[in-house]
Amino acid sequence: MASFTTTTAAAASRLLPSSSSSISRLSLSSSSSSSSSLKCLRSSPLVSHLFLRQRGGSAYVTKTRFSTKCYASDPAQLKNAREDIKELLQSKFCHPIMVRLGWHDAGTYNKDIKEWPQRGGANGSLSFDVELRHGANAGLVNALKLLQPIKDKYSGVTYADLFQLASATAIEEAGGPTIPMKYGRVDATGPEQCPEEGRLPDAGPPSPAQHLRDVFYRMGLDDKDIVALSGAHTLGRSRPERSGWGKPETKYTKDGPGAPGGQSWTAEWLKFDNSYFKDIKEKRDADLLVLPTDAALFEDPSFKVYAEKYAADQEAFFKDYAEAHAKLSNQGAKFDPAEGITLNGTPAGAAPEKFVAAKYSSNKD
């Protein structure tokens with residue numbers, strides 16, 4: 001997945017509308033999927049913020065809040081979008097890049113900055129070209145291209161929510177734990193609100209363990225979160241033309257699925273399990289990738305406690321991963337409603353139920 005890896009690769013071209021395009025940032029189309037949002041707009045006596053902003057000749061429509069009943073994202077459209085994302089994953093095998101997309105939008109969070117959106121976090125700013133050009137985001141334009149038809153279909157879903165929905169769904173559909181997600185994230189409204197480059201981790205810093213702590217502590221995460229989130233490298237491949245790391249192809253990647261090539265961390269790189277930790281510990285195969293930041297998990301005394309635990313106990317890994325993924329997705333985001341919304345009808349502010357491993361594990365082969 002090369003989730004938090006910098007690169008010197010050339011930036012990808014802009015996914016969002018060019019000067020000759022009339023596609024809007026939040027398209028108010030006449031399709032049935034948009035009807036609930038439009039109905040909400042027409043019926044509300046408190047339409048306080050509807051901005052039509054011009055960016056290089058393209059219209060960007062940003063909705064904040066029309067009334068107490070209209071939130072940043074429409075719950076019904078979120079549910080439908082999730083089903084479309086599942087179909088996309090089944091046809092394109094794009095689980096790893098969807099996880100990476102969600103992580104990179106959320107991973108800019110700085111807990112020491114109080115103002116939104118300057119503090120970063122999951123705010124959809126990665127949908128703007130200026131942030132897509134950041135070295136760590138090389139190749140993510142492909143993820144946005146895959147998701148854009150879903151965004152166009154469900155205009156009542158923010159980019160911030162769509163990225164996190166795709167990321168969590170990809171984990172679950174790959175056999176991983178169910179992520180206790182909430183939605184209702186507000187989008188950044190323009191490229192001037194994108195974070196500066198350099199907030200995402202590097203794969204090969206001089207002091208890997210300290211570098212991971214510097215970056216993840218800045219997000220309000222701890223050593224357990226760092227190791228658990230690193231376990232998502234059980235999915236995906238690193239491509240040298242994007243990240244500067246990995247082999248052009250291996251026996252595990254030369255035939256795909258999807259575009260062939262790259263080097264994976266695990267043999268079954270579309271299956272979410274604890275293989276990442278077991279394979280690093282056992283130094284299983286020269287065809288499997290181990291970055292300096294991966295090796296640090298078994299070299300640093302504090303990280304090693306969790307890495308050893310996850311190598312031996314997949315249920316423990318799933319529990320901690322689900323919690324860390326949700327934390328990463330939420331911190332720094334601005335929610336409307338403030339407590340967020342869930343897709344199963346449970347109020348986001350409700351007290352969490354006691355962990356039961358069977359509820360987190362999808363038990364998929």
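Predicted model: local features only at pLDDT ≥ 70, side-chain atom pairs only at ≥ 80, totals over all residues.
How far apart are the end C-alpha atoms of helix 5, and what span should its 13 residues have? The legends below start there.

View 1. Residues are numbered from 1 along each chain as its sequence is written, and side-chain values use heavy atoms, with hydrogens and water left out. Helices here are DSSP runs of H or I with at least four residues, strands are runs of E with at least two, and both are numbered from the N terminus. Helix 5 covers residues 141-153, and its end C-alpha atoms are 19 Å apart; this agrees with the 18 Å that its 13 residues should span at 1.5 Å a residue, where the expected span is 1.5 Å times one less than the number of residues. Look for a kink of about 40° at leucine 147, shortly before proline 149; the bend is the angle between axes fitted to the seven residues ending there and the seven starting there.

**View 2. Asparagine 123 in its loop.** Asparagine 123 sits between helix 3 (95-106) and helix 4 (129-132). This residue counts as buried because its relative accessibility is 0%. Beyond neighbours within four places in sequence, its contacts (heavy atoms within 4.5 Å) are Asp105, Trp116, Pro117, Ala160, Val186, Asp187 and Ala188.

**View 3. Aspartate 287 with lysine 247.** These two form a salt bridge, with the closest N and O atoms 3.0 Å apart; the term covers a side-chain nitrogen of Lys or Arg within 4 Å of a carboxyl oxygen of Asp or Glu. Aspartate 287 lies in the loop between helix 10 and helix 11, and lysine 247 in the loop between helix 9 and strand 4, so the pair ties together parts 40 residues apart in sequence. Aspartate 287 is buried at 16%, whereas lysine 247 is partly exposed at 31%.

**View 4. Lysine 281 with glutamate 308.** Here the closest N and O atoms of the salt bridge are 2.8 Å apart. The pair links helix 10 to helix 12, 27 residues apart.

Technical notes
Buried < 20%, exposed > 50% of the residue type's maximum accessible area, 1.4 Å probe, protein only.
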